[in-house]
Amino acid sequence: MALTTLDPVTALIVVDLQAGLVGAPFIHPFADVVARTGALMTAFRERRLPIALVNVDGTAPGRTERPRLDAAFPDGWTDLIPELARQASDIVVTKRTWGAFASTDLEKQLRARGVTHVVIAGVATGTGVESTARQAYEAGFNVTLATDAMTDARPHAHAYSIEHVFPRLGETGSTQAIIDLLERTNAHELA
């Protein structure tokens, strides 16, 4: 599906771009994801649209078949990467689940700002990004996914999310297509 529109109050959600994941074996270079996310952040900040920076520190408490890593993260692991250039106006939440809504007050903070639409970028495509997109969709937000501003360590999970899951949750597009749509939306509002 092609990108069609962005709501007047659209927020950017940046998932898990944090120090502990910088060296992970992602299928696309982490630096490219960071650069594209940075371009989105610049476009959102120029329009004074909300940005939510999400990091992960733990996991949900449920029982799983696969063993968990119960060890504490090393110091600095959860720190947001400096390239995000965190601003005082940014929403910052720490999640303890795959998705950014279930274990945080992100929905409340977005609603308080009048947000009806979210654009999502970050890592990992098949876990943090997909879970956040599912939760946003289920909460009633319109969802757009910046497919070139995300990656995963698992090629099959990345491809499956982009090809089969994301089109059922919202619209998908490149970073540049989203920025172009922001520019057209902003020009239309100013006319």
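Colleague: Where is Ala 124 found?

Modeller: Ala 124 is found in the loop between E4 and H3. Helices (H or I, at least four residues) and strands (E, at least two) are DSSP runs, numbered from the N terminus. Before going on: this is a predicted model, in which local features need pLDDT of at least 70 and side-chain atom pairs count only at pLDDT 80 or more, while totals for chains, interfaces and linings use all residues. Residues are numbered from 1 along each chain as its sequence is written, and side-chain values use heavy atoms, with hydrogens and water left out.

Colleague: What joins Val 123 and Ala 124?

Modeller: Most residues other than glycine have a negative phi, and most peptide bonds are trans. Here a cis peptide bond joins Val 123 and Ala 124, with omega at about -15°.

Colleague: Which residue takes a positive phi just after H1?

Modeller: Arg 48 does, at about 55°, although Arg 48 is not a glycine. Its place is in the loop between H1 and E2. Arg 48 is exposed, with a relative accessible area of 77%. On the terms: buried means under 20% relative accessible area, exposed over 50%, partly exposed in between (1.4 Å probe, protein chains only). Ala 85, in the loop between E2 and E3, is not a glycine either and has a positive phi of about 45°. Ala 85 is partly exposed, with a relative accessible area of 37%. Gly 140, which follows H3, has a positive phi near 95°.

Colleague: How many residues of H3 are buried?

Modeller: 11 of the 14 are, so H3 is largely enclosed by the rest of the structure. Among the buried residues are Thr 125, Glu 130, Gln 135 and Ala 136. The buried residues of H3 pack against E1, E3, E4, E5 and H4, where a contact means heavy atoms within 4.5 Å.

Colleague: On to helix geometry. What length does H4 reach from its first C-alpha to its last?

Modeller: The expected span of a helix is 1.5 Å times one less than its number of residues. H4 (residues 155-169) has 15 residues and reaches 20 Å, close to the 21 Å expected. H1, with 17 residues, reaches 24 Å, close to the 24 Å expected.

Colleague: Where is the kink in H4 centred?

Modeller: The kink is centred on Ser 161 and is about 40°. The bend at a residue is the angle between axes fitted to the seven residues ending there and the seven starting there. Ser 161 is one of the buried residues of H4, which also include Val 165, Phe 166 and Leu 169. The buried residues of H4 pack against H3 (125-138), E5 (142-151) and E6 (171-173).

Colleague: Which residues have the most contacts inside the largest nonpolar core?

Modeller: In soluble globular proteins, nonpolar side chains tend to be buried together. A nonpolar core is a set of buried Ala, Val, Leu, Ile, Met, Phe, Trp, Tyr and Cys residues joined through side-chain atoms within 4.5 Å. The largest one here has 31 residues, and Leu 12, Leu 17 and Leu 40 have the most contacts inside it. Elements giving two or more residues to this core include E1 (10-15), E2 (51-56) and H5 (175-190). H1 gives the most, with seven residues. Leu 40 touches Leu 12, Ala 121, Ala 146, Ala 149, Thr 175, Ile 178 and Ile 179, not counting residues up to four places away in sequence. Apart from this core lies another, of 24 residues, among them Ile 91, Ala 100, Ala 133 and Ala 136.

Colleague: How many aromatic pairs does the structure hold?

Modeller: It holds two. Rings of Phe, Tyr and Trp (its six-membered ring) pair if their centres lie within 6.5 Å; planes under 30 degrees apart count as stacked, over 60 as edge-to-face and the rest as tilted. Phe 26 and Phe 30 are stacked, 5.8 Å centre to centre with 15° between the planes. Phe 26 and Phe 30 are both buried. Phe 101 and Phe 141 are tilted, 5.8 Å centre to centre with 40° between the planes. Phe 101 lies in the loop between E3 (91-95) and H2 (106-112) and Phe 141 in the loop between H3 and E5, so the pair ties together parts that are 40 residues apart in sequence.

Colleague: Which residue lies over the face of Phe 141?

Modeller: Arg 111 does, at 4.0 Å from the ring centre. A charge sits over a ring if NZ of Lys or CZ of Arg is within 6 Å of the ring centre and within 35 degrees of the ring normal. Phe 141 is buried, with a relative accessible area of 2%.
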